[in-house]
Amino acid sequence: MSTTENVELPAQDDTLSEQTILQLLAKLTSVKDEIARVIVGQQDVVQQLLVAMLAGGHCLLEGAPGLAKTLMVSSLAKTLELDYKRIQFTPDLMPSDIIGTEILETDHDSGERFFKFKQGPVFTNILLADEINRTPPKTQAALLEAMQERTISYAGSIYPLPKPFFVLATQNPVEQSGTYALPEAQLDRFLMFVRVGYPSAAEEVEILKRTTGTQSTTLKEVLHTQDILTLQGLVRQVDISPDLLEYTSALTRNTRPQGSDNQQVIDFVRWGAGPRAGQALVLCAKASALLSERFAVTLADIRSVAHGVLRHRILLNFQAEAQNIDTDAVIEHLLKNTPLPKSPLASAASNGNVS
């Protein structure tokens, strides 16, 4: 079983000093501060975006129109020294508009004509797939290979994508008109599925204040390409105890009605999460620990990422829909009823802190 995402460790990772690590983690705090200059509130959403980025995975944001999903992703991209491109998904968008196509060219010296592959916008570091569920499944599927293999196959040739490569997608709730729900296989390619809610009353007043005047904000680049690759390597080195691995496995397996001892899962779940969900839980928990300047995963880290990792990997049955029960309610019930590990490490161990 391969891991969810293949992230190569930087060559100089073994020689990183504690001071260098602390400087990198301080840059992550600066990234949050920069985004906060543009985005009011939504700290939890920004945190989960950074978790997905550090874990080397892709992230799907869902929320009603006008909640600054696109602005949030573009603001994150501006704080990183990475190539960034945006695709507006529409019903008439074609796969070639994403991955590229062959064009006929002529050699000016010999006059010979030949086909040359013209790369599409997917050849970038950060790809914003805006309103990804407004295009039909045929076009949605054009991203499958890119998200999983980090390559594009065209006309018998394989073209590698730049490193690092992230797909940060936004979608409107599927209840809205003109949307096409993403297939389960493609949803599973996203490391995290994050829901963006409405701002509080105070936050909404601040939004009105910032966006209706003459104020203009320019974000500065904080993290460089090598910084991101180094941080991804550090995530893989964060420690997780055998007890927490068993807890993660038990939590994942309990989502499957065929073998679960959780009555709510048996009653309301049609299809549970696969092993990729357990891999994602571990990687995201490690990234969460690193963001908190710890080199040891705690139970709180796993619980903090559980909803984002599992909500798109659990398929509910008709009975759940009839009783207005969503996946978040099932996950919350699982978190409360899955037996805790013998040594839950609910707080950071003394040797787990970076500082």
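Here is a short report on ring pairs and backbone angles.

This is a predicted model, where local features need pLDDT of at least 70, side-chain atom pairs count only at pLDDT 80 or more, and totals for chains, interfaces and linings use all residues. Residues are numbered from 1 along each chain as its sequence is written, and side-chain values use heavy atoms, with hydrogens and water left out.

Let's begin with the rings. There are 3 aromatic pairs here. Rings of Phe, Tyr and Trp (its six-membered ring) pair if their centres lie within 6.5 Å; planes under 30 degrees apart count as stacked, over 60 as edge-to-face and the rest as tilted.

| Pair | Centre distance | Plane angle | Type |
|---|---|---|---|
| Phe 117 and Phe 123 | 6.1 Å | 70 degrees | edge-to-face |
| Phe 117 and Tyr 154 | 5.1 Å | 35 degrees | tilted |

Phe 117 sits in strand β4 (residues 113-119) and Tyr 154 in strand β6 (residues 151-154), so their pair ties together parts 37 residues apart in sequence. (Strands are DSSP runs of E, at least two residues, and helices are runs of H or I, at least four, numbered from the N terminus.) Ring pairs join Phe 117, Phe 123, Tyr 154 and Tyr 159 into a cluster.

How hidden are they? Phe 117 is buried at 11% relative accessible area, while Tyr 154 is partly exposed at 23%. Buried means under 20%, exposed over 50%, and partly exposed in between (1.4 Å probe, protein chains only).

Now the backbone. Gln 42 isn't a glycine, yet has a positive phi of about 60 degrees; Gln 42 lies in the loop between α1 (18-36) and α2 (43-54). The peptide bond from Lys 163 to Pro 164 is cis, with omega near -5 degrees.
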